[in-house]
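I opened this structure for the first time today and kept notes as I went. The entries follow the order in which I looked things up.

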Amino acid sequence: MDTENLVGLFRAITPLVLAEAAAVILAAALLAWLVQRLLPWLAGRLHSSRRLFVLALIPTLRILIMAAALAWLVPLVIEPSLRNMIAILGAAGLAIGFALKDYVSSLLAGVVAAYELPYRPGDWITVDGSYGEVRHIGLRAVSIVTPDDTVVVIPHLKLWSGLIHNANNGGASLMCVVSFYLAPEHDAQRVRRLLEDVALSSPYLKLARPVSVVLDEHPWGTHYRIKAYPVDPRQQFQFVSDLTARGKAALLALPVAFAKVEAMSDGAGPAG
């Protein structure tokens with residue numbers, strides 16, 4: 001591109017243009033900061049689907065603010081002609097493609113994530129063995145907070161190559177599974193009714209969702225699983241602890257014998 005073409009590409013930069021560009025950047029940064037602070041504050045005072053809806057607005061509003069700022073700034077600097085746009089986009093695409101391939105791939109995956117919604121703020125997801133609640137979705141990565149209060153940043157690039165397990169998928173219901181492993185000699189129907197009663201009497205139980213107790217027979221004994229839903233997904237660990245403690249106490253009162261094995265064919269170990 002020669003000097004004449006460069007002169008035709010860019011507009012004259014005057015103090016007025018610089019002031020307008022600075023004002024747009026500051027306004028966009030302020031709006032993004034307000035969205036990032038006010039919406040989580042508002043969501044913390046809501047419950048269930050309303051809380052999840054407000055949290056889901058955060059990445060969408062941030063993208064809209066950035067897009068609006070760019071749409072305002074580009075015509076200030078570049079003469080908005082078809083020839084100029086093609087030249088700028090071609091050069092930018094070539095540079096980004098060579099220098100930032102993985103980064104751009106994560107950005108593109110972030111755009112896909114904004115439309116396909118494999119995860120939203122408030123979802124509980126597992127990616128590469130990391131499990132936690134989605135707290136922030138950026139343009140390049142998603143941040144989750146694990147049960148141990150550890151922040152894990154996962155690039156959207158994982159959309160292309162990894163499995164994403166979403167426990168509640170944008171909803172307010174998250175299934176919890178609590179396992180018990182018993183020796184073979186016991187009354188299975190009695191144990192099943194007892195574990196159902198344990199679940200139905202939990203203060204964390206979401207009564208609108210079903211409760212089920214399923215069992216599998218193995219050479220070493222019987223594997224029981226309580227499947228139920230807490231009132232709020234954030235209560236899942238209190239719910240599991242409550243079912244485990246009260247279920248174990250109820251089983252010991254029957255009494256029944258817990259299975260004692262060093263290894264199982266399915267790779268799972270007995271839960272207490």
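Entry 1. With which side chain does the side chain of H223 make a polar contact? I noted before looking that the model is a predicted one. I found the partner to be the side chain of S179, at 3.0 Å. I then placed H223 in strand β8. I looked up its accessibility: H223 counts as buried because its relative accessibility is 9%, and the cut-off for buried is under 20%. I listed what H223 touches, leaving aside residues up to four places away in sequence: S179, F180, Y181, V214, L215, D216 and H218.

Entry 2. I turned to helix α7, which runs over residues 188-200 and has 13 residues. From its first C-alpha to its last I read 18 Å, close to the 18 Å expected at 1.5 Å a residue. At the N-terminal end I found a cap, D187. A side-chain oxygen of D187 lies 3.2 Å from the backbone nitrogen of Q189.

Entry 3. Which residues of α7 are buried? I wrote down V191, L194, L195, V198 and A199. They sit on the same side of α7, because the arc they cover around the axis is only 140°.

Entry 4. I asked what covers the buried residues of α7.

Entry 5. How do α7 and α8 pack? I read an angle of about 145° and a distance of 10 Å between their axes. The crossing is right-handed. On the α7 side, V191, L194, L195, V198 and A199 take part in the meeting, and on the α8 side L243, R246, G247, A250 and L251 do.

Entry 6. I checked R193, which also lies in α7. R193 counts as partly exposed because its relative accessibility is 48%. From R193 to V213 I counted 20 residues in sequence and read 8.3 Å in space, C-alpha to C-alpha.

Entry 7. Last, I looked at the chain as a whole. Its secondary structure comes to 8 helices and 8 strands. Of its 272 residues, 33% count as buried. Among contacts between residues at least 6 apart in sequence, 64% join residues at least 24 apart.

Methods
Residues numbered from 1 in each chain as written. Predicted model: local features only at pLDDT ≥ 70, side-chain atom pairs only at ≥ 80, totals over all residues. Heavy atoms only, no water. Helix = DSSP H or I, 4+ residues; strand = E, 2+ residues; numbered from the N terminus. Expected span 1.5 Å × (residues − 1). Buried < 20%, exposed > 50% of the residue type's maximum accessible area, 1.4 Å probe, protein only. Arc of directions from axis to C-beta. Contact = heavy atoms within 4.5 Å. Polar contact = N/O pair within 3.5 Å; in protein donor to acceptor, adjacent residues only side chain to side chain. Axes fitted to C-alpha atoms, helices over the stretch in contact; angles between N-to-C directions. Left-handed = near helix turned anticlockwise from the far one by under 90°.
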